[in-house]
Amino acid sequence: MKLSIPITEMIQKRHSVRTYEDQALSPQDRAALVDCMNQLDNPFGVSVHKYIIDKKLSSNGEKLGTYGVIKGASTFLGVSIPNTKLAPLAAGYEFENLILYATHLGLGTVWLAATFNRESFTAAMDIPKDELLPAISPVGYAAAKRSLKETLMRSTMKSSARKPWEDLFYQEDFQTPLTMSEAGDYARPLEMVRLAPSATNAQPWRVRKARDVYHFYAFYKQGLSEREELIKPVDLGIALSHFHQTALEHGLTGTFESLPQNDITLSDKMHYILSWHVGKEE
């Protein structure tokens, strides 16, 4: 589904909000979010469940287990998935689309993948026992002033910083950077990938262009915990949301598919995810 909002504008406008006005969502904004949730889909053929709950946090932010990171929010969004290969990718894709739509409504959000208590949110959202809860987000009206904790977190994680183009996008191999001119019409979708949020701002996505195909990878070291390994494809799903929705906004056609990587030797840190075949229709 192509989102009916100005995608590139919302990607550039979106920023993480951890401090909120002590104000419930208006009925109109809440209804608009629910309507969007009911329409969202993904190009990977995975069923993704979305949730919205209204539950007041205690003054120290601990009632729903956000460890004091979130202040003032009383409404939360969540997403759950089956434990299947492409499900984390689909979760990242659909949840980011929802967050971009919330941005269009003028609402604040922030991806939370680690700093929340999964047990309390799983119970509050009534998530099936056989499904995973990879991420949640508060949603509401940003406070005029950030909390001290939020200010320190943003500084520590360098939240607004992004890796340079030449560290993320490559031509044929991982030694030759892809230039914007070589990317052509896809320079804008790739730039929106570069701007995508990720857990701890790790920016794990890497993209390799080989002829008329863009191959997407997650770059991370071996030996991650099971939870950390789940988060990486979720991050790639966020990046693919930005890539795909921007491509659709600019009338670019293609399809996602899993392709063999016989033309390259990958290091143990480079994990193939999926490819975009330019111009190929479903």
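User: Which residues in helix 3 meet helix 8?

Analyst: Contact here means heavy atoms within 4.5 Å. On the helix 3 side the residues are P88, L89, G92, Y93, E96, N97 and L100. They meet L230, P233, V234, L236, G237, I238, L240, S241, H242, H244 and Q245 in helix 8. By class, that contact has 10 nonpolar, seven polar and one charged residues. The classes work like this: Ala, Val, Leu, Ile, Met, Phe, Trp, Tyr, Cys and Pro count as nonpolar, Asp, Glu, Lys and Arg as charged, and the others, Gly among them, as polar.

User: Before we go on, what should I know about the model and its numbering?

Analyst: This is a predicted model, in which local features need pLDDT of at least 70 and side-chain atom pairs count only at pLDDT 80 or more, while totals for chains, interfaces and linings use all residues. Residues are numbered from 1 along each chain as its sequence is written, and side-chain values use heavy atoms, with hydrogens and water left out. As for the elements, helices (H or I, at least four residues) and strands (E, at least two) are DSSP runs, numbered from the N terminus.

User: At what angle do helix 3 and helix 8 pack?

Analyst: The general idea is that two packed helices are described by the angle between their axes and the distance between the axes. Axes are lines fitted to C-alpha atoms, for helices over the stretch in contact, and angles run from 0 to 180 degrees between N-to-C directions. Here helix 3 and helix 8 pack at about 50°, with their axes 6 Å apart. Angles under 35 degrees count as roughly parallel, over 145 as roughly antiparallel, 65 to 115 as roughly perpendicular and the rest as oblique. Helix 3 and helix 8 are therefore oblique to each other.

User: Is the crossing of helix 3 and helix 8 left-handed or right-handed?

Analyst: A crossing is left-handed if the near helix is turned anticlockwise from the far one by less than a right angle, and right-handed if clockwise. The crossing of helix 3 and helix 8 is right-handed.

User: How does helix 2 pack with helix 3?

Analyst: Helix 2 (residues 27-39) and helix 3 (residues 87-104) have an angle of about 150°, and their axes are 10 Å apart. That makes helix 2 roughly antiparallel to helix 3. The contact involves A32, L33, C36 and M37 of helix 2, together with L98, Y101 and A102 of helix 3. Sorted by class, this contact has seven nonpolar, no polar and no charged residues.

User: And what is the arrangement of helix 7 and helix 8?

Analyst: Helix 7 (residues 187-194) packs with helix 8 at an angle of about 155°, their axes being 8 Å apart. That makes helix 7 roughly antiparallel to helix 8. From helix 7, R188, P189, L190, M192 and V193 meet A239, H242, F243, T246 and A247 in helix 8. These contact residues divide into seven nonpolar, two polar and one charged.

User: Which residues other than glycine have a positive phi?

Analyst: Most residues other than glycine have a negative phi, and most peptide bonds are trans. Here N201 has a positive phi of about 55°, and Q203 has one near 50°. N201 lies in the loop between helix 7 and strand 6 (205-210), and Q203 is found in that loop too. N201 is buried at 13% relative accessible area, and Q203 counts as buried at 4%.

User: What does W111 touch?

Analyst: W111 lies in the loop between strand 3 and helix 4 (118-124) and is buried, with a relative accessible area of 16%. Not counting residues up to four places away in sequence, W111 touches A91, G92, F95, E96, I99, A135, I136, P197, V234 and I238.

Definitions and conventions
Buried < 20%, exposed > 50% of the residue type's maximum accessible area, 1.4 Å probe, protein only.
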